[in-house]
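Here is a briefing on a single protein model.

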Amino acid sequence: MPAITVEDTLVLPRIPRPDPVTRSRPVAKVVTSRREAEGAGFVVARPFPGDFSLAEADPFLLLDHVGPQVNGPGEAKGAPWHPHRGIETVSYILDGEIAHHDSNGGGGVIAEGDTQWMTAGGGILHDELPTERAYRTGGPFHAVQLWVNLPPALKMTPPRYQPITRGDLRLLTSDDGGALVRLIAGDLAGFAGPGTTHTPITYAHVTLAPGAALSVPWNAVFSAFAYVLTGRGTAGDEHRPVERDQLVVFGPGGRVVVAGAGGRAEPLDVLLFGGLPIRAPIVHYGPFVMNTREEILQAIEDYQAGRIGTIPADQLAPRSFA
């Protein structure tokens with residue numbers, strides 16, 4: 001179920017149809033996600049990294065999709081304490097909730113419809129765990145985490161958080177009202193999302209009614225991707241079929257087109273995202289993403305020496321929930 005719904009999309013600002021002479025971005029490829037175990041053992045659908053190279057994904061590094069699923073009591077799992085350096089992690093919760101703590105003393109709950117934009121920069125330790133309520137009682141859960149690369153000059157920028165609540169999102173619709181667009185960050189057809197980014201990107205969650213289509217202008221120098229969260233539909237003017245857990249990689253052009261399947265199909269939920277490629281060398285080791293091997297070795301040394309941060313004393317005990 002989408003994190004944010006609107007009874008009448010026609011009351012929302014409308015995205016005008018792009019000029020029909022604008023070249024539609026063709027579908028370059030469709031990537032099917034692999035299943036991977038992460039954190040304390042939860043399973044994610046991951047379209048990249050993998051067979052889809054980081055050079056092709058630039059400026060993004062990883063996309064993990066959890067759910068939609070329903071956890072029984074005691075089944076919810078999270079990611080215990082771990083470090084990051086050189087990247088931004090963007091956690092978007094469509095259903096359910098998670099809690100987090102960090103080595104700088106921060107923390108809180110990321111609730112349904114909320115986005116937590118964490119700039120790891122020079123380094124931070126944090127955890128992401130079920131809340132006690134989610135662990136004890138179970139319930140629905142659906143979430144996405146996107147890693148955004150930082151340019152070389154900002155790899156060691158100070159860490160920061162941006163809590164983007166569901167009420168902060170810019171809600172839009174298509175010209176005919178058939179799409180609900182939740183703009184999280186960047187620019188879409190002249191509308192601005194609430195997220196502040198170090199790397200220029202656009203990031204939105206779109207729900208398309210059965211048979212509805214969305215055609216939006218897209219920055220010609222940005223990469224462009226659509227990831228299917230739930231449902232079935234098509235991508236591009238060539239109507240390439242796509243379904244849950246598939247990533248659409250678009251070629252060059254000035255607009256992006258996605259459409260929901262017709263008939264009695266369920267709505268199509270997709271992430272639309274893209275950004276300005278950084279085109280810098282990438283060397284990565286787990287949660288550290290830098291530009292040289294020497295920088296990775298330094299990150300490992302700093303982590304082992306406690307220079308990236310230390311776990312607060314009141315968080316040292318093993319736990320399944322926050």
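A salt bridge here is a side-chain nitrogen of Lys or Arg within 4 Å of a carboxyl oxygen of Asp or Glu. By that rule, the whole structure has 14 salt bridges. The model is predicted, so local features need pLDDT of at least 70 and side-chain atom pairs count only at pLDDT 80 or more, while totals for chains, interfaces and linings use all residues. Residues are numbered from 1 along each chain as its sequence is written, and side-chain values use heavy atoms, with hydrogens and water left out.

**Salt bridges**

- Side chains of opposite charge can pair when their charged atoms come close.
- K29 and E56 meet through their side chains in a salt bridge of 2.8 Å, N to O. K29 lies in strand β2 (residues 27–32) and E56 in helix α1 (residues 54–57), so the pair ties together parts 27 residues apart in sequence.
- Helices (H or I, at least four residues) and strands (E, at least two) are DSSP runs, numbered from the N terminus.
- K29 is partly exposed at 31% relative accessibility. E56 is also partly exposed, with a relative accessible area of 33%. Buried means under 20% relative accessible area, exposed over 50%, and partly exposed in between (1.4 Å probe, protein chains only).
- R46 pairs with D64, with the closest N and O atoms 2.6 Å apart.
- R244 forms a salt bridge with D245, at 3.7 Å between the closest N and O atoms. R244 is partly exposed, at 37% relative accessible area. D245 is buried, at 8%.
- R85, E301, D302 and R307 are linked in a network of salt bridges.

**Nonpolar cores**

- A nonpolar core is a set of buried Ala, Val, Leu, Ile, Met, Phe, Trp, Tyr and Cys residues joined through side-chain atoms within 4.5 Å.
- The largest core has 29 residues. Those with the most contacts inside it are F48, L146, Y203, L247, L271 and F273.
- Another core, of 28 residues, lies apart from the largest one. Among its residues are L188, V228, V242 and F250.
- Beyond residues up to four places away in sequence, L271 touches L63, Y92, V144, Y203, A204, H205, F225, A226, Y227 and L229. Contact means heavy atoms within 4.5 Å.

**Selected residues**

- Q116 is in strand β10 (residues 115–119). Q116 is buried, with a relative accessible area of 4%.
- The side chains of Q116 and H100 are joined by a polar contact of 2.9 Å. A polar contact is a pair of N or O atoms within 3.5 Å; within protein, one must be able to donate a hydrogen and the other to accept it, and residues adjacent in sequence count only if both atoms are side-chain atoms.
- Leaving aside neighbours within four places in sequence, Q116 is in contact with residues including T89, V90, S91 and Y161.
- T230 lies in strand β20 (residues 225–230). T230 is buried, at 15% relative accessible area. Its contacts, not counting residues up to four places away in sequence, include P68, H142 and R244.
- P159 lies in the loop between β12 (139–149) and β13 (160–164). P159 counts as partly exposed, at 31% relative accessibility.

**Pocket and cavity**

- On a 1 Å grid over the protein atoms alone, a cavity is a set of points where a 1.4 Å probe fits but cannot get out, and a pocket is an open set with protein on both sides within 12 Å along at least five of seven lines; lining residues have an atom within 4 Å of a point.
- Grid points are joined across faces, edges and corners, and a volume is the space filled by probe spheres set on the points.
- The largest pocket has a volume of about 1,000 Å³. Its lining has 46 residues, of which E38, F42, V44, V66 and A79 lie nearest its centre.
- β12 gives the most to this pocket lining, with seven residues.
- The structure holds one cavity of 30 Å³ or more. The largest cavity holds about 40 Å³ of space.
- Residues lining the largest cavity include I15, P16, R17, S174 and D175. Strand β19 (residues 213–217) gives the most to that lining, with three residues.
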